[in-house]
Amino acid sequence: MSLFDSVEHHYARYRPRLPDQVVQLLAQELAGAQAPRLLDLGAGTGQVALSMLPALPPAAHLDLVDQDEGMLRTALDELRPHLGGRTATVHAVPAEKFAPAQPGYQADLVTCCRAFHWMNRPAVLAMADRVATSHAVVAIMGDGSLWTHKAEWTIALKALIQTHLGEDRRAGTTGPYREPGRRYEDDLADSPFSDITEHRIPFTRAWTARNVLGYLRSTSFARPDLFTDHTGFEEQAEDLLLRHAKQDGVLHEDGVFTMLLARRPGVPR
């Protein structure tokens, strides 16, 4: 069973897309390509693809890879009205098992957003080396979660979740979440993509209580089936969030989106 079974609707509606500056930096890596191929790993319901579409040329092709077929069906539903002349293919396999059907396939940009920690990272990077062009960039990206954010309201929300589920962060029904044993920079340094540039991009998001509850339903640490009384939890969480939102009803998240752009050594920037 996937960590995110039955949450496609909430994932698609409430998971944030990429900040505009991140999209611009990624688009620069494809400058001049008439028909670039974007390979997105851990694609979920298409947050990266949907964010990137306006910056891609009409002949671009997107490959979305995720183990969860339901997520990918939702991603295609979300993408189709916006593709124009672009094309998209989904692949319901673990990221390291991606094997293009087309002879001579080569990806110009490989992305992985908020998902690298779930993966067999050395195997994924070895796969990327097999399918990426010589000049391709691998972009490993993320911005944490409302579990890790340190605002007053997110700290209180985390404490409420812990009163229901225990102190440890949950990883779906598989047990406690375990942090990666090493930094992503170290994974990349030991891979063919060892020329690494880091970008740290500040962002501000505005949440409503309703949006936060929808977001939580999409997470591995607060999905509904982890609770013995999910309705009771959501009632408590909504009350907590509304108290913190005060008069304007808005909850602010000020964070940093981190992006590692990794190339093969010697490739011009």
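Reply: The answers below concern the packing of a few residues in this predicted model.

Me: Start with the core. How many residues does the largest nonpolar core have?

Reply: The largest nonpolar core has 31 residues. Leu26 and Met141 have the most contacts inside it.

Me: Which helices and strands each supply at least two residues of this core?

Reply: Among the helices, helix 2 (20-28), helix 3 (47-52) and helix 4 (69-79) do. The strands are strand 2 (61-65), strand 4 (107-113), strand 5 (132-142), strand 6 (195-207) and strand 7 (251-263).

Me: And what is Leu26 in contact with, leaving aside neighbours within four places in sequence?

Reply: Leu18, Met52, Leu109, Thr111, Ala139, Met141, Met259 and Leu261.

Me: Change of topic, helix 9. Is Leu240 buried or exposed?

Reply: Leu240, which lies in helix 9, is buried because its relative accessible area is 9%, under the 20% cut-off.

Me: What does Leu240 touch, not counting residues up to four places away in sequence?

Reply: Leu240 touches Trp153, Ala156, Leu157 and Leu160.

Me: How many Å apart are Leu240 and His135 in space?

Reply: They are 49 Å apart, C-alpha to C-alpha, and 105 residues apart in sequence.

Me: Now His230. Where does it lie?

Reply: His230 is in helix 9, which covers residues 230-245.

Me: Why does His230 count as buried?

Reply: Because its relative accessibility is 12%, and buried means under 20%.

Me: Which residues is His230 in contact with, neighbours within four places in sequence left aside?

Reply: Arg217 and Pro224.

Notes:
Residues are numbered from 1 along each chain as its sequence is written. This is a predicted model: local features need pLDDT of at least 70, side-chain atom pairs count only at pLDDT 80 or more; totals for chains, interfaces and linings use all residues. Side-chain values use heavy atoms; hydrogens and water are left out. Helices (H or I, at least four residues) and strands (E, at least two) are DSSP runs, numbered from the N terminus. Buried means under 20% relative accessible area, exposed over 50%, partly exposed in between (1.4 Å probe, protein chains only). Contact means heavy atoms within 4.5 Å. A nonpolar core is a set of buried Ala, Val, Leu, Ile, Met, Phe, Trp, Tyr and Cys residues joined through side-chain atoms within 4.5 Å.
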